[in-house]
Amino acid sequence: MRALPAFAAALLTASLALAGCTASSSDGGDMKGESAAEPAAGRQGAGAAADAEAGKRQDDKSEGIDEKFAKTHVIRTATLSVEVKSVTKALAEARTVALDAGGVVEDESTERVDDTHVASNLVLRVPEAEYDAVLTELAGTGKLLSRSANAKDVTEQVVDVNSRIATQRASVNRVRKLMDQAEDITDVVALESQLNTRQAELESLLAKQASLADRTTMATITLDLSERPKEEKDSGDEDPGFLDALGGGWDALVTVLRWIVVVVAAILPFVAALAVLLGLWLFLGARLRSRRTRTPAPVPAPASAPDADPSPGTGERD
C-alpha cells in the first residue's frame, strides 16, 4: 500500500518535467520564428518610417503655411478723383504720401486737355495697414469729385491654393524617391515625365499664391488729378488797381500792335502790286511824252502872193 503513493508521486514528477521540456522547445521555436521574421519586418518598418518622416516634414510645412495664411485675406482697391489747383504740386504730394507709407508708384500718366488744363492718373500700391490713412491724405489734396472703394475676401482661395501646394509638393517628393529607386530605363523615363508635369503644376500654384499674397498685402489706389479750367478761375471781388490797369493797357497796346502788324502784312502784297503797276504806268507815260517832244510838228507851206493889179492912176496916165 505504501509503494503505490510513491509510484504515483514519481509519475507526476516525470509528467511535470516532460511538460516543462515541451514548453521550452516551443518557446525556442517561437523565438526562432520571430528572429527570422525580424529582417523583413525591419525592412518594411524602415520604409514606413521614411514615409512617416516625409509626411511629418510635409505636415510641418503645411502647418507653417496654414499659420501664415490663417488670418483673413482681403484685396482692397480704391479710386479717387480730385480737382486741384496745380497737378504738378499734387503729383509730388501724392508720391511723397505713398513713399512715406512704404508703398510705390506703380503707374503714372499726365496729359494736357484742350490746352486749358492738365490731367494726371496715378496707380499707387500701399501696405494694407496704411490704406485708410493714405486715402484720407490723398482726398485732402484738393476738391474731392468722386471716391469708390472695394474689399474682396479671398481667404478661401488662399487656403485652397495653400492646400494644393502642400499636396503637390508631397507628390513631387514621392516621384523623386521613386526615381532614386528605379533601375529600369523605362520606369525612369515615365517617372521623369510625371515629375515634369507635377513640377509645372506646382510652379503654377506657387505663382498664384505669390499673386494672392501681393494683392492682399498691398492695396491698390487709383488717383485721378485734374486742374480747374482757366476760365473758371475766380477773378476776385476787389476793384482793379493801378498795376491791374497798367497791365490791361499794356495788353491792349500789344494786341493793337499785333493786329496792325497782321493788317499790314495782309495788305502788303496788294501795295507791292499797285506800286509795280504805278511804276509801269509812270514809266510808259514818260516815254510817250519824250517821244512827243522829240518829233517836230510839220510846218505848213507858205501861201503864194496874189498878182498885183495895176493901179488905175498909172493907166490913166499912159
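This is a predicted model: local features need pLDDT of at least 70, side-chain atom pairs count only at pLDDT 80 or more; totals for chains, interfaces and linings use all residues.

Me: Is Ala119 buried or exposed?

Reply: Ala119 belongs to strand E3, residues 117–127. Its relative accessibility is 18%. The cut-off for burial is under 20%, so Ala119 counts as buried.

Me: Which residue is the bridge partner of Ala119 in E5?

Reply: E3 and E5 are paired antiparallel, with nine bridges between them. Leaving aside residues up to four places away in sequence, Ala119 has contacts with Ser109, Thr110, Glu111, Val113, Leu225 and Ser226. The bridge partner of Ala119 in E5 is Ser226.

Me: Which residue in E5 stands opposite Glu83?

Reply: Strand E1, residues 74–84, runs parallel to E5 and is joined to it by eight bridges. The residue of E5 opposite Glu83 is Ser226.

Me: How many of the ten residues of strand E5 are buried?

Reply: E5 spans residues 218–227. It has bridges to E1 and also to E3.

Me: What is the relative accessible area of Val256?

Reply: Val256 lies in helix H6, residues 242–294. Together with Trp250, Leu253, Leu257, Ile260 and Val264, Val256 makes a nonpolar surface patch of about 580 Å². Patch residues must have over 30% relative accessible area. Val256 is partly exposed, and its relative accessible area is 45%.

Notes:
Residues are numbered from 1 along each chain as its sequence is written. Side-chain values use heavy atoms; hydrogens and water are left out. Patches are made of residues with over 30% relative accessible area and no salt bridge: like charges are joined within 9 Å, nonpolar side chains (Val, Leu, Ile, Met, Phe, Trp, Tyr) within 5 Å. Accessible areas come from the Shrake-Rupley method with a 1.4 Å probe; for residues, only the protein chains shown count as cover. A salt bridge is a side-chain nitrogen of Lys or Arg within 4 Å of a carboxyl oxygen of Asp or Glu. Helices (H or I, at least four residues) and strands (E, at least two) are DSSP runs, numbered from the N terminus. Buried means under 20% relative accessible area, exposed over 50%, partly exposed in between (1.4 Å probe, protein chains only). Contact means heavy atoms within 4.5 Å. Two strands pair if DSSP finds at least two bridges between them.
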